Amino acid sequence: WVQYNFESPATISSSQIYWFDDGPWGGCRIPAAWKLLYKDESGNWKEVSPKNGYPQIAKDAFNKLEFSPVQTAALRLEVQLSKEHSAGIMEWKVE
């Protein structure tokens, strides 16, 4: 997982991830799956509620997830790697 901490709580309703994939010769590929969690007021991690489910993971594009707004001081991106490959993030946007 990768975590994004905010200086103060913020209201968030979407996130975009551009996955690093250097295939076919390198060792990084888009992940098999991912999910986004936020830290609630009690410090517990909860998964966001996607408006239309998680998007199909795309290579060479931003993968945008829109969800019901949450107020949080931190986001966590949990990634399930594909078999025999690593995964990487080129850019992670939070809106």
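The side chains of aspartate 40 and lysine 46 are joined by a polar contact of 3.4 Å. A polar contact is a pair of N or O atoms within 3.5 Å; within protein, one must be able to donate a hydrogen and the other to accept it, and residues adjacent in sequence count only if both atoms are side-chain atoms. The pair also forms a salt bridge, with 3.4 Å from N to O; the term requires a side-chain nitrogen of Lys or Arg within 4 Å of a carboxyl oxygen of Asp or Glu. Aspartate 40 sits in the loop between strand 2 and strand 3 (45-47). Helices (H or I, at least four residues) and strands (E, at least two) are DSSP runs, numbered from the N terminus. Aspartate 40 is buried at 15% relative accessible area, while lysine 46 is partly exposed at 41%. Buried means under 20% relative accessible area, exposed over 50% and partly exposed in between, with a 1.4 Å probe and protein chains only.

This is a predicted model in which local features need pLDDT of at least 70 and side-chain atom pairs count only at pLDDT 80 or more, whereas totals for chains, interfaces and linings use all residues. Residues are numbered from 1 along each chain as its sequence is written, and side-chain values use heavy atoms, with hydrogens and water left out.

The salt bridges come to 6. One of them links glutamate 78 and lysine 35 at 3.8 Å, N to O. Because glutamate 78 belongs to strand 4 and lysine 35 to strand 2, this pair ties together parts 43 residues apart in sequence. Both ends are partly exposed: glutamate 78 at 27% and lysine 35 at 33%. Aspartate 22 and arginine 29 also meet in a salt bridge of 3.8 Å, N to O; aspartate 22 is partly exposed at 30%, but arginine 29 is buried at 17%. Lys64, Glu66 and Glu95 are linked in a salt-bridge network.

The largest nonpolar core has 15 residues, and Trp34, Leu36, Phe67, Leu75 and Leu77 have the most contacts inside it. Such a core is a set of buried Ala, Val, Leu, Ile, Met, Phe, Trp, Tyr and Cys residues joined through side-chain atoms within 4.5 Å. Strand 1 (2-20), strand 2 (33-39) and strand 4 (62-80) each give two or more residues to this core, and strand 4 gives the most, with 5. Leaving aside neighbours within four places in sequence, leucine 36 is in contact (heavy atoms within 4.5 Å) with residues including Lys46, Phe67, Leu75 and Leu77.
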